[in-house]
Each structure stands twice: as structure tokens, then as C-alpha cells.
Amino acid sequence: MSLQTTDLMLIADGEAAPVEAKIPPRKPKFYDTFNYIANPDRFCRQNFKKYGPIFKTSVFGGTTVFVGSVSAIKMAFNGDQKYTEIALPATTMEMFGEYSLFQRPDLHRQRKTALAPGLTGATLEGYATHINNIIAQGIKTWANRKIQLYPEVEKISFDILTPLLLGISLNDSVPKTFEGLPISSKAELKALYKTYFDGFYGLLKWKSPLTTFGRGIKARVKLIEFMDAVIKRRLAENEKINPTQDFLSMMLASQQEDPDGVFSDILIKNQCLLQLWASHYEISGFISSLIYQLGKHPQILQRLRQEQVQILGENNNFSQFSPADLKQMIFLEASIKETLRTLPPSSTASRRLTQSVVVDDILYRKGWTLIAEPRIAHIMPEYFQQPEKFDPSRFLPERGEGKMYEFIPFGGGVHACLGAQMAILVSKVFVSHLLQMFDWQLMGEPRFVQFPLKKIKDDYQIEIKSIAGNRE
């Protein structure tokens, strides 16, 4: 028997779909995966123009339906344990590990709820001083020179996020920083983590040093050993753990409070690594895109400076941007959202249908995969006026564009990005410091790495000039 909801009908096995229901347009092609990986932006735009916001492909094998309309995205985001399951490549799932949020959908909500306090609210606001200090120190070296944009942002991002998520200092000049740990330097940790990250996107599940996946699995083992040593050293200090100090401390404090609760030893080690995996490269790529967009639109940059003066006064010797100040920077947040709309780092939900579904008279068959694509939703004129225009004002309250399921840079539903608030905070602080200290000039148009995450290529440069009278 079918289950009717407001706008969704589930079709039981053996039951016929309504006669008016149609399957999505487009015939899957054998080269779809290649074309998508080569340029997801182009792939989505070309097919959207020809077929509309819902169409079939063979991306990553089988029948994969790309969806960009509100009703279809809502269906894709909210079907867990009802009519969808996670649909990720076997290589990716093994890289996540058996204690990741994805491996136990029945425990996902419980685990995510337990993890959230370490990345939201008062605990996140408590990270602001560290974030301010690392950014202010890191961008000092940018003054009055040409920089390679993404590599410079990525270095600072790693220095921000690693202590907050892994709970370890990165100060190599202090001998005790890596004492007793199986990794002996920040450079070694960073290189190992890059190998681990790349392993998620290996196409062959072959545990050989000749494959990206094999190297990634080996790096994962070393990183788990590293986190085990970090945790043992932390507990051996016999000091009361402050749950707001960092993400690791939050989990360890929760474990001590409830030893039989969510936070087992192996889950803690895995989750530290996975949260850094989920945030570091996306935040680095996004902030680089934001700096590029502001350099391309000087009138937006000028309005952001005016907003800072209104909130902070004329004092340009600001060294700390408090969460209270940042919350008032409405146009800065709108500029961040507009960058996420125009240059989304990746697709979001990837779900496999465990039951056939009809939404808006479109039939999605059991066994098909769904990909919710911001590259489609974010360019739909029904949702965004003049979608090709970079216009942060669209996200201001008086215009109110970017409603739920229309604006999806962080996904949605039970699998919405856990680190979304941290990404916004880091980007706000980063741009606020840049606005205080520098002007910057673009040097031509960048080329982008398109997959697995969209980011400006390493060789793209901008020219930095100090603002007269700043604290430098």
C-alpha cells in the first residue's frame, strides 16, 4: 500500500506507480562520470539548460538522478531510514571507518547530537580568540607582496583547525609538542593528512601503495595511532578536562561523565580525523573563493568596510573580532552566502532509494541514486533573481532569497554539515582582518580544480598592499 504525505508518495514493492507519474528526463550515458568529474559545474549547467532541474545520469555507476528543485531536494534530504540510505563509493565508506556517522544510520542522530556542542554555541564562540590570533599572525607575512592565494589560505586554515579539532598544539619550536607521539612535526602531520584526504576519492578499492586508496588507508592507520597517543598523553596529565577547550576535550569530558555513552575510544579517534577531513579543505577553498570574489567586486568590498566602521568605529587597530561584533556584520554574512551560492565547493546529499517514490508526479525508482546539487539549485531563477550576478544583497532580510532547500551549500536534513557554523565563523574573522589590514588586486582570472572539491588552483596569485595607518 502506498503511503501518502503532503507532497510525497511511497510506492510499495510490486505496486504500480500512478499512471500520471513520469520518470526524469535524459538517458544515462556511459561517459557521464568522466564528464562530471572533469567539470561538475559545466555538466550541471548544460544538462539543467536542456532538461531542467531533475535529470538522469550514470554518474558513479547505475542510474543517478541529479535534483535541484525544492521538492526533490527536500525528498532527498529527509528520507533516511524511511526510503533512502547513504550512497557513497565503497572506497569512501572504508576511508570513513566503521565508527563514522555514516556507518550506523540508526545511531546517526544520537551521535550527531552528542557531537554538536563541540562545534556550536558557546563552545564555538570560545574558539574565537584562537581563530583571531592565528589569522592575524598568519596574514602578517602577506604584506606588500604577491601571494599564491589558495596555498597561503590553506596554511592558515590548517593552523586554525588542527588544534581545535585534534586537540594538539602545532608549535614545532617547543620540543614537547610532539614528544612521545608517532608523528614528529607539523609538516609530517600535514603531509600524512593530505594523503588521507586524497584516499577518499580513490576509484579502486585496492590496498596497495600504488593506489591513492591504498596510500590513504595506510595514512589513516598512522593517524589513528597518532590520535590514540594524543589522547593517552592528555589523560596522563591527570588534569580536569575543560570541555570547551577543543573538540577532542568535549568528547573526552563527555566520555568521563558517561563511560557507557556515545563516546567510545575508537569513535573519538575517528571523529577527530573526520571532522578535520570535513572542514579543512572546504574552508580553505571557500575562503580563497571569497577573497577572489571581493577582489573582483570592489564596490562590495567598500560596503563591507563601511559596515565595519559602523559596528567597530574608526579604530583600525582591531586585533580581536568578538562573536558579538561578528553577529552584527549582516552584509559580511550575506557576502559569504553569496560566495557559497556562486562557487559551491561540492555536491551535497548522495542517497540510494530503498523504496520507489513519487514527488510532483515524478517517479524515482528503488535502487536509483539521488544527488542534491547546489550547482543546479543555486542558479534557478525561480529561487534567485538574476542568478548569474554576484549580489550579496539577495541574502539580506528585505529580499529574503535563499530559503530552505533553495540554498544548500551545507546540505540539509539529518546529514547537514556539522561544521557549518565553524566555517562561517572562520571566514568572517578571516575577511574582517583582511579588510582592516590590506587592499588586494587580482592578477587575472583564476583556473579552478573542479573535483572532488572546487577550489582555485595553487598557482593563482593576488597582489597584497598594506592600508596606510593599519596596525602594521
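Me: Let's start with helix packing: at what angle do helix 8 and helix 12 pack, and how far apart are their axes?
Reply: In general, two packed helices are described by the angle between their axes and the distance between the axes. In this predicted model, helix 8 and helix 12 pack at an angle of about 145 degrees, and their axes are 9 Å apart. The crossing of helix 8 past helix 12 is right-handed. Sorted by class, this contact has 15 nonpolar, eight polar and one charged residues.

Me: Which way does helix 8 pass helix 17, and at roughly what angle do the axes cross?
Reply: The crossing is right-handed. The axes of helix 8 (residues 149–166) and helix 17 (residues 420–437) come within 12 Å and cross at roughly 130 degrees. That angle is why helix 8 is called oblique to helix 17. On the helix 8 side, the contact is made by V153, I156, I160, L161, L164 and L165, and helix 17 brings M422, V426 and F430. By class, there are nine nonpolar residues in this contact, with no polar and no charged ones.

Me: Which residues of helix 10 meet helix 12?
Reply: From helix 10 they are R220, L223, I224, M227, D228 and I231, and they meet I268, K269, N270, C272 and L273 in helix 12. To describe the geometry, the axes of helix 10 (residues 212–236) and helix 12 come within 9 Å and cross at roughly 115 degrees. This crossing, too, is right-handed. Its contact has seven nonpolar, one polar and three charged residues.

Me: What is F226 in contact with, leaving aside its neighbours within four places in sequence?
Reply: You will find L166, I168, F178, L181, P182, I183 and L189 around F226 when those neighbours are left aside.

Me: What should I look for in the backbone?
Reply: As a rule, most residues other than glycine have a negative phi, and most peptide bonds are trans. D361 is not a glycine, yet has a positive phi of about 65 degrees. You can find D361 in the loop between strand 8 (356–359) and strand 9 (362–364). Y405 is not a glycine either, and has a positive phi of about 75 degrees. The peptide bond from F451 to P452 is cis, with omega near 5 degrees. P452 sits in the loop between strand 12 (448–449) and strand 13 (455–456).

Me: Is Y405 buried or exposed?
Reply: The cut-off for buried is under 20% relative accessible area, so Y405, at 16%, counts as buried. Y405 lies in the loop between helix 16 and helix 17. D361, with a relative accessible area of 43%, is partly exposed.

Me: And where is P397?
Reply: P397 is in the loop between helix 16 (374–377) and helix 17. With a relative accessible area of 69%, P397 is exposed. C-alpha to C-alpha, P397 and L274 are 34 Å apart in space, and they are 123 residues apart in sequence.

Technical notes:
Residues are numbered from 1 along each chain as its sequence is written. This is a predicted model: local features need pLDDT of at least 70, side-chain atom pairs count only at pLDDT 80 or more; totals for chains, interfaces and linings use all residues. Side-chain values use heavy atoms; hydrogens and water are left out. Contact means heavy atoms within 4.5 Å. Axes are lines fitted to C-alpha atoms, for helices over the stretch in contact, and angles run from 0 to 180 degrees between N-to-C directions. Helices (H or I, at least four residues) and strands (E, at least two) are DSSP runs, numbered from the N terminus. Angles under 35 degrees count as roughly parallel, over 145 as roughly antiparallel, 65 to 115 as roughly perpendicular and the rest as oblique. A crossing is left-handed if the near helix is turned anticlockwise from the far one by less than a right angle, and right-handed if clockwise. Ala, Val, Leu, Ile, Met, Phe, Trp, Tyr, Cys and Pro count as nonpolar, Asp, Glu, Lys and Arg as charged, and the others, Gly among them, as polar. Buried means under 20% relative accessible area, exposed over 50%, partly exposed in between (1.4 Å probe, protein chains only).
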